[in-house]
Amino acid sequence: MPSSPGTSAVVVGGGLAGITAALALADAGVRVTLLEGRPRLGGLAFSFHRGDLTVDNGQHVYLRCCTAYRWFLDRIDASTLAPLQDRLDVPVLDANAAPGRRLGRLRRDALPVPLHLGRSLATYPHLSLAERAKVGRAALALRALDLADPALDAQDFGSWLTAHGQSARAVEALWDLVGVATLNAVAGDASLGLAAMVFKTGLLSDPGAADIGWARVPLGELHDRLARKALDSAGVRTELRTRVTSISIDENGVWSVQVPGERIETDAVVLAVPQREAHDLLPPGALEAPERLLDIGTAPILNIHVVYDRKVLNRPFFAALGSPVQWVFDRTEASGLREGQYLALSQSAAQEEIDEPVAVLRERYLPELQRLLPATRGAQVKDFFVTRERTATFAPSPGVGRLRPGARTKAPGLCLAGAWTATGWPATMESAVRSGIGAAGAALGALGRSGAHLPDLFEEAA
């Protein structure tokens, strides 16, 4: 039995949402047990070893407007390991452009919104003058949308862009360049509500909101080792390789969490697992329509890893146009590679390629890298491999907003966390951390404890 009323909680799931919930509850004086079925923490943002390399399963970035994830980095003492750009600057290479016009840049000036992007847009070579003018008008119309309007969730972003004069080229060279990477869907497949949230918050709220940050060390250093250190310091009992088989509540309001060989009794439970797993663990009556969780689709991300025998890229990353390549990052230093260069290609919305054989992907992407990076033409490929996340994110389809539940359930003391819950954000590290904070707040309320120490990042979505 719990040692005293309102003092214990079990968090099921050791991804960013679960780690956050566990830390926030422990910081409030709750005795927390964190259960994770994998042999590591970090969920879908993790690292593994391949020979002498330490490889991230995929490239993850965050923005300056990601206040929850920045809080998380501070909380695990990792901010210096994942710094932000001083100022937004995205090199964009067009494989089909004429020499001298292949490189464009999306960057900001130290001016108020929306003037901070004015010079960049005015000189962006991948759009015509008329297209740039229409992009500016569409951005102002997007800024005027009310994110609280539920009608936005039912519309698709692509149709809205077409109705606001955006050409197919403008969608490819700007809107999808940003949107595919953040939403994991092309504009026509994305909810207008989520797309508007991304662009309003990232590009149209504060001049520095879209400055990009990424880990300069393997993700496992952050989300596994340093997160585990923070959990241990907070007094959290962390059990890996421990899969929960059922949860239930008795007539006295005591929760039982069943794992192989043990039944853990506790005052509150946070389910911080993917939506389908949460559906299977929910006790009857916990949600009004639990089947909605099964209607939340998933979307894949494909990651292609190429190790060259020499340096072929002189910048930390770039985005590509006119090519199947989307975003390319230099992971040489982070991986521990001592000779040559290691590039990681992040391919979002990869439904058509996620199951392609490695040999097919190699034949497709190595020539594309040669088109984009002439220095690769004389370089030897030392290694080529692929990582696949078939259910990397929830699909941000029109109508998904009504399917995403909030942190609180109808079962007293049972709360939900995960990037797929109703955070208002797409499936990002930011959404995961926000959901963990929200679930911790809901659990503390159920335990009769104050959540005053929680970061004031948002108002919980309904």
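Modeller: Contact means that heavy atoms lie within 4.5 Å. Please keep in mind that this is a predicted model.

Colleague: Which residues does V270 touch, leaving out those up to four places away in sequence?

Modeller: V270 touches V10, V11, V12, A21, L25, C415, A417, A439 and A443.

Colleague: And how many residues are in the largest nonpolar core?

Modeller: The largest nonpolar core has 126 residues. V270 is among those with the most contacts inside it, together with L25, Y69, F157, W175, L222 and L271. In general, nonpolar side chains tend to be buried together in soluble globular proteins.

Colleague: What does the second core include?

Modeller: The second core is separate and has 25 residues, including A95, I304, A350 and L361.

Colleague: Turning to the sheets, what is the strand order in the open sheet of 5 strands?

Modeller: The order is 9-2-1-13-19, and the pairing is parallel.

Colleague: Which strands stand at the edges?

Modeller: Strand 9 (237-239) and strand 19 (414-416) do. Each has a single partner strand, so one side of each is left without a neighbour in the sheet. From one strand to the next, the twist averages 15°.

Colleague: How many bridges are there between strand 2 and strand 9?

Modeller: Strand 2 (residues 31-35) pairs with strand 9 in the parallel sense over 3 bridges. As an example, L35 has E239 in strand 9 as its bridge partner.

Colleague: Which strands of this sheet does helix 1 touch?

Modeller: Helix 1 packs on the sheet and touches strand 1 (8-12), strand 2 and strand 13 (268-271). The direction of helix 1 makes about 170° with that of strand 1.

Colleague: At what angle do helix 1 and helix 2 pack?

Modeller: Helix 1 (residues 16-27) and helix 2 (residues 67-75) pack at about 65°, and their axes are 11 Å apart. The crossing is left-handed.

Colleague: Which residues make that contact?

Modeller: Helix 1 contributes L16, I19, T20, L23 and D27, while helix 2 contributes Y69, W71, F72 and R75. By type, the residues of this contact divide into 6 nonpolar, 1 polar and 2 charged.

Colleague: How many bridges join strand 11 to strand 12?

Modeller: There are 5 bridges between strand 11 (residues 255-259) and strand 12.

Colleague: Let us change topic to R331. Is R331 buried or exposed?

Modeller: R331 counts as buried because its relative accessibility is 6%, and buried means under 20%. The residue is in the loop between strand 16 (327-330) and helix 12 (332-335). Not counting residues up to four places away in sequence, R331 touches D56, Q59, W214, A215, V217, Y342 and A344.

Colleague: Finally, where is P357?

Modeller: P357 is in the loop between strand 17 (341-348) and helix 13 (358-372). With a relative accessible area of 45%, P357 is partly exposed. The C-alpha atoms of P357 and V386 are separated by 9.3 Å, although these residues are 29 residues apart along the chain.

Key. Residues are numbered from 1 along each chain as its sequence is written. This is a predicted model: local features need pLDDT of at least 70, side-chain atom pairs count only at pLDDT 80 or more; totals for chains, interfaces and linings use all residues. Side-chain values use heavy atoms; hydrogens and water are left out. Axes are lines fitted to C-alpha atoms, for helices over the stretch in contact, and angles run from 0 to 180 degrees between N-to-C directions. Helices (H or I, at least four residues) and strands (E, at least two) are DSSP runs, numbered from the N terminus. A crossing is left-handed if the near helix is turned anticlockwise from the far one by less than a right angle, and right-handed if clockwise. Ala, Val, Leu, Ile, Met, Phe, Trp, Tyr, Cys and Pro count as nonpolar, Asp, Glu, Lys and Arg as charged, and the others, Gly among them, as polar. Buried means under 20% relative accessible area, exposed over 50%, partly exposed in between (1.4 Å probe, protein chains only). Two strands pair if DSSP finds at least two bridges between them. A nonpolar core is a set of buried Ala, Val, Leu, Ile, Met, Phe, Trp, Tyr and Cys residues joined through side-chain atoms within 4.5 Å.
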